[in-house]
Amino acid sequence: MQSCKIGVYICQCGTNIAKMVDCEALVAFAETLPEVALAKTYKYMCSNPGQDMIVQDIQANGLDRVVVAACSPRMHERTFRNALQVAGLNPYFFEMANIREHCSWVHDDPVAATQKAKALVRGAVLRVARHEALERKTVDMCPEVLVIGGGIAGLTAALDIADAGHRVHLVERQGSLGGNLARIDLTAPFLNAARDLLTERITRVTESERIDVMLHSRVVNLDGFIGNYRATVEVRDADGLPRKTEFLVGNVIVATGYQEFEASRITHYGYGKLPNVVTSFEFELMLRHGRIQMADGHLPRFVSIIHCVGSRSQEFHGYCSRVCCMTALKYAHEVRSAIPGCHVSDIYIDMHAFGKGHEDFYRRSSEVKTLFLMYRKGDRPVIRRADPGDTCDMLIEVNEQLSGETIEIPADLVVLMVGMEARSDAHEVARLVNISQDKEGWFIESHPKLDPVATTTDGVYIAGTCAAPKDIPDTVAQARASAARILAKVARGRIEVDAVYAEVDEARCSGCRICNDLCPYSAIEFDAVKKVSRVISAVCKACGACGAACPSGAIKARHFTDAQIFAQIEGVLL
Amino acid sequence: MSFEPRIVGFLCNWCSYTGADLAGTSRIHYPPNVHIIRVMCSARIDPTFVLKALAQGADGVLVCGCHPGDCHYTDGNYKAMRRFPLLKRVLDAYGLEKDRVRLEWVSASEGQRFADVVSDMTERIRPLGPCRIRPGLQADMAER
Amino acid sequence: MSETKKLQIALYWGAACGGCDVAVLDTDAFILDVAALADIRLWPIAVDGKYADIEALADGELDVAFFNGAVRNSENEHIARLLRQKSRILVAFGSCAHLGGIPGLANFFTRDEIIRTAYLDNPSIEPGNRTVPTPETRVNGHTLDIPKFYQRVFPLEAVVPVDYFLPGCPPAPDQVRAAILAIATGNLPARGSVVGASERAVCEDCKREKSEKKIGRFYRPWEIIQDPTKCLLEQGIVCLGPATRSGCGVRCPNTGQGCRGCYGPLPGVVDQGAKVISSLASVIDSRDPEEIERILDGIPDFTAIAYRFGLPASLLQRRIRA
Amino acid sequence: MAIRVNPLLIDDLERYGAEDVQKCYHCGNCSAVCPHTDETFLFPRRSMRLLQMGLERRIEGSLEPWLCYYCGQCSDQCPRDAEPGETMMSLRRWLTSRYDFTGISRLFYRSPKAEVLAMAGLGLAVGIGLVAWGLGTGGDIRIYDGPGAFLRSEHVHRFDWGMAAVLVGLLGTNAVRMWWFTMYRDKESRVPLSLYIKHVLTLPYQFFTQKRYAECGERKPWLLHLGLMLSYLTMLVLIMFFLGTMQSDTWHWQAHAFGYLATVGLLGATAWMIRGRVRKQTPLHRHSHESDWVFLVQLFAVAFTGILQHVLHRAGQPLAGNVVYVIHMMVAVPMLVLEVPFSKWAHLVYRPLAMYFAAMRREVLRARAPAPLPAGARRVQAA
């Protein structure tokens with residue numbers, strides 16, 4: 001191993017690090033470490049002056065390795081790698097020690113925290129000495145885009161991309177476009193008709209020459225990497241026979257939407273047993289047919305709407321489905337205008353009216369004499385058939401929170417505001433395009449705040465309710481954001497791919513083929529002539545599984561080599 | 001001064017390392033005994049790393065990955081899941097106390113869980129005292 | 001090396017079974033060439049020679065010393081140091097000298113456990129006989145000593161610097177011949193190298209057909225009717241071939257046994273057993289922790305299999321002593 | 001056991017003036033600013049809630065509406081313009097109609113037309129009756145007092161007493177019904193007899209001082225209300241016991257001075273209130289139910305015709321005096337017979353009673369309540 005000149009920079013992060021970690025002591029400690037040429041501390045290493053300091057030191061002092069002890073590498077590794085690149089140093093000659101998220105923010109004893117920071121810095125210093133210069137490759141970016149899902153999100157994204165002049169492959173599982181939005185009548189809070197929102201888009205999509213709409217179809221395979229995905233789609237033709245088609249795309253937008261909660265899972269509500277208990281989607285159907293009625297055809301005199309069916313509960317989904325409150329208020333308006341004398345009660349946990357115009361809509365709904373009854377999470381109302389002699393069909397018992405009374409309210413029709421949940425086949429899609437799901441099954445974004453439509457897989461974007469419950473404006477915003485992100489990349493023509501991937505040393509590979517089946521991306525191919533395995537670097541996503549499993553030590557996980565990790569182990573065990 | 005275990009934590013980048021970051025951003029306090037080494041996936045964690053850390057003087061080794069089914073690389077954590085019991089059998093044969101090496105699934109949203117795991121592990125190792133592997137090997141020539 | 005001066009060699013066995021010495025003899029007629037080529041100054045199994053003779057040699061007077069067997073007691077260590085001192089080249093010959101070998105498995109037990117098993121609890125011990133060997137015994141005012149039995153087994157390299165490692169249990173005769181010839185001709189690689197073995201794993205030379213691997217159940221070799229053309233691992237038979245240097249000529253797999261790993265880890269691999277854990281477990285065909293345990297239960301005494309030849313040279317080297 | 005709600009009650013209450021109660025979303029600002037609410041009697045929010053849900057029985061049993069003097073701060077602070085103050089007012093109207101067993105109160109509140117017609121009908125009947133009676137008993141319309149007087153005061157006095165008996169009978173029955181609803185019907189609302197004795201002084205104290213109103217913050221509305229009430233009371237006493245003296249031709253300064261003072265009080269206060277309701281500047285006056293107008297106009301008219309007939313009499317105009325006297329009676333009798341027991345007037349009984357009941361209830365509930373909260377903390381009422 002050649003000797004090197006390492007620069008160590010200790011970030012104070014204002015006081016975030018400095019208040020718990022003795023940065024001066026850390027500098028003094030770093031200076032004692034092997035091959036460290038200089039060590040410094042600064043208020044904010046990620047600031048421009050901080051980065052400039054690194055650049056200047058590299059150029060003036062000939063540093064060839066850099067360690068920054070600061071926040072999480074997930075936050076600023078890219079920032080500092082860029083600084084190295086600016087200074088003319090290979091960006092991979094860099095390592096971060098996470099002394100903020102993993103140290104100053106989680107410990108309360110300055111002595112112990114400083115000691116731990118020293119260990120982490122030592123680990124980084126020993127590791128960086130073994131870093132190798134890695135070269136990034138650039139690959140072509142196919143301008144075509146695959147959009148999975150033909151709901152409002154998919155339609156919107158497809159149109160934006162097609163309008164910019166690129167080809168879109170729109171895959172829809174159903175026989176028609178529109179998705180869940182096509183199932184509803186009016187939208188809250190401005191009472192626009194869903195039909196109006198959709199029709200124009202569907203028409204433009206079907207008429208567009210650049211959008212290839214595939215109905216009754218599904219993506220069955222997706223291979224490759226950003227800029228170079230090969231998609232296989234199973235399309236059913238008019239006879240219902242499946243036929244496979246393959247095409248290249250550069251990017252993928254997943255807009256597969258949601259499914260509604262199965263209301264019969266909550267026995268309290270008698271859904272499926274009581275004829276006049278309906279889900280919000282069944283109610284939407286009544287609204288679209290223009291007649292709100294009971295199972296026997298009579299007009300209801302008392303309509304009750306129950307919120308959070310499947311949402312915000314421990315047993316089902318802990319999250320809020322975000323659209324049901326406003327939809328419920330919309331029902332109150334629609335019921336009152338269709339049946340003026342009808343009494344509407346709205347049985348809720350909390351009224352979430354966070355969006356534009358929502359609070360005003362809520363106020364207006366109370367003015368049409370909606371009776372709002374509050375129940376407690378986990379203490380659900382119970383619906384039962386009314387007693388003979390009652391003038392209503394059902395009675396709902398509620399432990400009403402605002403009055404503290406246990407009450408019974410008459411109802412002729414009960415509408416269950418079923419929440420949104422991740423589609424039951426979401427995991428198949430996740431697996432297909434290699435993105436993650438959270439514990440509720442929603443697709444996970446790259447960063448919940450700063451990068452909400454990208455995913456951890458380059459070139460795969462998520463839009464709309466497949467990522468989490470959201471309303472139409474948010475869904476459309478995400479769809480257009482995904483489209484914009486893709487168009488920006490397509491405009492640059494080529495794309496740089498990460499230099500971190502696995503590599504087989506063919507001189508050491510015995511062709512045992514243990515690694516072959518381990519790669520989830522089939523990035524390892526076996527050369528039957530030379531009897532060696534080989535990693536297709538562009539397809540490799542650098543998980544390192546093959547490197548760990550290779551019994552001969554023939555596979556190197558670049559940037560996570562055994563030698564680097566051993567050095568770090570030795571380093572942190574100060 | 002009481003014994004402070006030195007634990008090496010191997011955390012996958014996408015779930016557990018992010019979960020540990022979340023513990024930080026949420027200011028969830030936990031003992032400073034785990035020193036985290038980031039790998040891209042728990043499947044990268046070669047059992048050699050665990051043995052290396054023990055031989056190098058670690059009092060414990062924590063391996064964390066995404067929950068089964070949630071791996072960023074589809075199924076990398078299943079590889080960790082399969083290797084771990086075999087590694088444990090070997091460590092048993094070496095006579096290592098069970099609590100010193102641990103595999104946990106920590107998702108990106110489980111900052112609290114990560115802190116709990118670290119606290120629990122630290123408290124379980126503390127009564128075991130320092131791991132005798134490294135001092136033992138260092139003394140072997142003298143005590144042969 | 002001058003034509004006139006014969007090669008001065010010594011062969012010694014430490015904690016060993018004698019197989020390595022047999023392996024030297026297994027070079028068949030070549031041994032006669034060796035005899036012609038060299039003066040054998042010490043070879044306890046075949047030639048009469050006293051330690052005192054070796055002690056009397058000048059430092060470096062021997063050209064090469066082949067040390068087979070592990071270092072288990074003070075005598076082994078003494079001779080190792082002696083040969084190191086007297087010989088220009090010291091070769092760790094065979095798995096035991098190289099990595100600790102089969103005797104190294106004793107590192108899973110303490111000295112006391114071993115002595116108790118051998119001298120006290122052994123059913124063949126005469127009842128009432130509590131005699132255990134002690135390094136020194138005083139008899140009639142004299143002190144008799146026997147070598148001190150160490151707490152653990154060491155590979156040769158742990159005791160003295162080693163120039164070359166010739167792996168194998170025992171080393172394949174061809175490799176022995178090649179190594180001796182190389183030394184005789186001075187055609188030697190860098191010191192510290194493993195010689196007489198490949199840089200690739202056994203699979204390189206194994207003729208069985210290999211494909212992608214998934215193991216749903218492990219079998220002992222006698223439990224199934226093998227497909228002689230198919231990779232043993234794919235048939236559920238534990239084979240350390242992928243994690244072991246080639247050079248043996250695929251001796252075990254060719255007879256339907258899984259490779260036992262005697263040639264030791266591949267270059268750059270620091271712990272052969274860990275690599276066996278990692279590779280073998282990775283291809284287990286299950287995602288259910290309980291099922292995984294059940295599948296693993298199909299390998300009896302896995303640790304001894306993974307570390308059959310390499311325990312004293314592995315990362316943890318031995319069982320932890322209280 | 002669940003209580004059945006009556007979702008339609010709220011529609012009913014609209015007729016009593018509670019038009020905005022639906023807007024309330026229970027932020028609790030109203031209760032936070034209310035100077036009178038405490039942990040035993042949480043209002044107006046809780047009352048708003050009971051009304052929204054149509055829990056009739058609970059509302060019937062509640063004293064809260066009577067504990068409110070309508071300072072209007074709640075309505076000022078309401079972010080939803082749900083008018084909690086006006087809701088409390090409407091609840092008082094509704095409770096008045098509930099306490100009244102005859103149904104007349106309900107009729108009047110729900111139909112101002114019926115109220116006005118009844119007033120007019122009774123007024124007319126009184127007019128015709130008085131004229132007929134005056135003439136029939138040989139009275140001379142030109143004589144006001146003394147022999148041959150058109151309406152002899154001792155007769156009127158006797159009539160007054162008869163009327164008073166009817167009134168007390170009606171009010172008394174209603175008061176008993178109020179007690180029944182609020183203090184007896186539900187087991188949990190009952191209090192031991194000893195407390196009735198212990199707190200009995202609350203009744204006259206609140207009746208005569210209306211101290212609680214003073215606690216609302218501003219003193220002016222309280223003084224005005226107190227002045228009106230005392231003037232009315234003074235006048236009642238004078239009429240019930242000193243009618244002869246008041247109407248005699250000779251001056252009795254002790255009685256007359258009181259009479260004038262009371263008249264000024266009545267006229268001044270009613271005029272001020274009418275002015276307030278016309279200008280709608282305070283929350284109290286922003287909303288005026290028909291019954292409020294009837295009340296004020298009627299009272300003003302009674303006071304005005306009362307003093308007018310007196311002045312005319314004093315000014316030597318017995319004929320005009322008698323005519324105005326008849327008119328005075330045409331206004332006063334319907335007021336006393338129909339307004340006092342069946343409408344807004346009745347609160348002069350219900351309010352002090354409610355405070356008396358509340359004092360007892362508070363003691364019982366506080367004894368039952370857990371340990372006091374630390375200073376500054378406030379307990380939220382449990383179910």
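First, a definition: a salt bridge here is a side-chain nitrogen of Lys or Arg within 4 Å of a carboxyl oxygen of Asp or Glu. This is a predicted model, where local features need pLDDT of at least 70 and side-chain atom pairs count only at pLDDT 80 or more, while totals for chains, interfaces and linings use all residues. Residues are numbered from 1 along each chain as its sequence is written, chains are lettered from A and ligands numbered from 1 in the order in which they are written, and side-chain values use heavy atoms, with hydrogens and water left out.

Chain A, to begin with. Chain A has 14 helices and 28 strands, taken as DSSP runs numbered from the N terminus (helices H or I, at least four residues; strands E, at least two). Of its 574 residues, 60% are buried; buried means under 20% relative accessible area, exposed over 50%, and partly exposed in between, with a 1.4 Å probe and protein chains only.

Now the interface of chain C and chain A. In contact (heavy atoms within 4.5 Å) are 24 residues from chain C and 22 residues from chain A. The two chains bury about 1,900 Å² between them, with 51% of it on carbon and sulfur atoms. Buried area is the accessible area (1.4 Å probe) that two parts lose on being put together, summed over both. On the chain C side, C:Arg200, C:Glu212 and C:Lys275 lose the most area to chain A, together 27% of what that side buries.

How many salt bridges does the rule find across the interface of chain C and chain A? One. C:Lys214 and A:Asp517 meet through their side chains in a salt bridge, at 2.6 Å from N to O. By class, the side of chain C that touches chain A has ten nonpolar, five polar and nine charged residues. For the classes, Ala, Val, Leu, Ile, Met, Phe, Trp, Tyr, Cys and Pro count as nonpolar, Asp, Glu, Lys and Arg as charged, and the others, Gly among them, as polar.

Next, chain B against chain A. Here the contact takes 44 residues from chain B and 45 residues from chain A. About 4,000 Å² is buried between chain B and chain A, and carbon and sulfur atoms give 59% of that area. The count is two salt bridges, and one of the pairs between these chains is A:Asp562 with B:Arg44, at 2.7 Å from N to O.

On to salt bridges inside chains. Over all chains, the count comes to 94. In chain B, B:Arg132 pairs with B:Glu97, the closest N and O atoms being 3.9 Å apart. B:Arg132 lies in the loop between α4 and α5 and B:Glu97 in the loop between α3 and β4, so the pair ties together parts that are 35 residues apart in sequence. B:Arg132 is partly exposed at 33%, and B:Glu97 is partly exposed at 23%.

In chain D, D:Asp186 and D:Arg57 form a salt bridge at 2.8 Å, N to O. This pair links distant parts of the chain, 129 residues apart, with D:Arg57 in helix α4. D:Asp186 counts as buried at 14%, whereas D:Arg57 is partly exposed at 42%.

Last, D:Arg98 and D:Glu60 form a salt bridge, with the closest N and O atoms 2.7 Å apart. D:Arg98 lies in helix α7 and D:Glu60 in helix α4, so the pair ties together parts 38 residues apart in sequence.
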